[in-house]
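Welcome! Keep the structure open as you read.

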Amino acid sequence: MAKMNWAAGTQCVAKGDHRKPKPGELAYHKGDILTIVDMNTRRGFYEARHNTTGEEGLISSTNVREREALRVDPSLSLMPWFHGKISGPEAVGKLQPAEDGLFLVRESIRHPGDYVLCISVSGDVIHYRVIFQDNKLTIDHTQYFYNLIDMIEFYSKNKGSIATTLVKPKQKQGTKSAELELSKTGWLLDITKLTLGENIGEGEFGAVYEGEYMGQRVAVKTIKCDVTAQAFLQETAVMTKLQHKNLVRLLGVILHKGLHIVTELMIKGNLVNFLRTRGRSVVSSVQLLRFALDVCEGMEYLESKKLVHRDLAARNILVSDDSVAKVSDFGLTKMDTKVSDNVKLPIKWTAPEALRKEKFSTKSDVWSYGVLLWEIFSYGRLPYPKMSLKEVKERVEGGYRMEAPEDCPPGVYSLMTMCWEQEPRKRPAFHKLREKLEREMGEHSSSPGSERRDGIRSGSGC
């Protein structure tokens, strides 16, 4: 068998039980998720951490398999029981042969905007109108739900005012249950092991909470709208493929009243606020270069995977406890392509060709990276100060480029201007940008001055 060579951070699934570990070995059960911490001198063994218990110890590579990425598959559905606009008689036909508790949900033809829950009971099919009212759903005006996922979850456990609990979903032809796929690949987490803490942000699609999952501090993005949750499922599938020290790590998802995306918690928040609240007196220029390099390495990795971020900006860069910058928010990430899905484009960060023709590529990400560099070296200022969005669009198209931020190293400003070449093909690739930044870093690091990884100057009194 080929010798495994897993890097630290690789997640593995146990193929069987290991209940009687020798001293120094890790105990685990079949299906447990383990994270590789380090290689071990013993051939075929790794130091690993149990994702549930947090315990560390040795594991044999023959007893585990690498956690698979989720296939990006349009037929993957959070609501495989949802059949869209079909008539009552069609629904009855689909719920044959009759089986108590067999069910589906359809759109109401008679009452647009409402739904119908159809359940097979005692050889008959009962149709319950699901009324959409005040952004909630209800059948009986006593029990209200955020969305269909929430409703189906409730009636699968409680009979409530319907004839029977829901036992078996009638899957729409051509769909696959996301729950089943997530579970099989090891990405489905257990809601009972999650403790939600305070709200740490409102995204465009839902709230973000701090929380704890099996002893680990996490961030939880909650998406209640079922259509949005379905769209985010594809983005989540993309995230399961990505493992890099400068990308925010996905731990898994929870399906409960919608979709919960669970990632590592980045204690120091986003980069804009980090820089604005600390400023020049606290954060050194070497630390700014480190942030720039962190983001560049994360983007070089995305570039190697042919993925385009499309919303690269300092607000979407998060800072960890030990001041490592990581790229987050893959909400807009797509394969390198032309898109036209009415996304509100962040004009000040978007390349001219992407604004004009919606042509997104790694090269348009490079343009955004130039703007992000400007944000970093201006300590979080808003780009194109005092200019309206209309003005930005027109003037950039006409060749205008921002001036260097105050005290910005000339080498860094020249990188920004390379990123802002009008012609996409003239912009450097991320691996070239990284090489130039590393050289810049070498020059700055060799200059006198004591700085730590957190970028806080010694003796700054902070």
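A word first about database records: UniProt positions are given in the numbering used here, and annotations may be inferred rather than shown by experiment. With that in mind, an unreviewed UniProt entry places the feature "domain: SH3" at residues 7-69. The model you are looking at is a predicted one.

**How the chain is divided**

- The chain falls into domain 1 (10-64), domain 2 (78-169), domain 3 (187-264) and domain 4 (269-442).
- Between the centres of domain 1 and domain 4, taken over C-alpha atoms, there are 39 Å.

**The stretch from the UniProt record**

- Residues 7-69 are 0% helix and 40% strand.

- Strands β1 (residues 11-14) and β2 (residues 33-39) run antiparallel and are joined by 3 bridges.
- V13 stands opposite I33 in β2.

**Strand β7 and its partners**

- In strand β7 (residues 102-107), 5 of the 6 residues are buried, so the strand is largely enclosed by the rest of the structure.
- β7 runs antiparallel to strand β8 (residues 115-121), with 5 bridges joining them.
- L104 has C118 in β8 as its bridge partner.
- β7 also runs parallel to strand β12 (residues 168-169), with 2 bridges between them.
- F103 stands opposite P169 in β12.

**The nonpolar cores**

- In soluble globular proteins, nonpolar side chains tend to be buried together.
- The largest nonpolar core here has 55 residues, and L275, V295, Y369, I376 and F377 touch the most other members.
- Several elements each supply at least two residues of this core, including α5 (271-278), α8 (362-377) and α11 (430-445).
- α6 gives the most to this core, with 11 residues.
- Domain 3 (187-264) and domain 4 (269-442) both contribute residues, so this core lies between them.
- Apart from this core lies another one of 36 residues, among them L148, I152, I162 and V253.
- Which residues is V295 in contact with, leaving aside its neighbours within four places in sequence? They are L312, I317, A325, V327, Y369 and L372.

Key: Residues numbered from 1 in each chain as written. Predicted model: local features only at pLDDT ≥ 70, side-chain atom pairs only at ≥ 80, totals over all residues. Heavy atoms only, no water. Core = buried A, V, L, I, M, F, W, Y, C linked by side-chain atoms within 4.5 Å. Buried < 20%, exposed > 50% of the residue type's maximum accessible area, 1.4 Å probe, protein only. Helix = DSSP H or I, 4+ residues; strand = E, 2+ residues; numbered from the N terminus. Domains from an automatic or database assignment. Contact = heavy atoms within 4.5 Å. Pairing = 2+ DSSP bridges.
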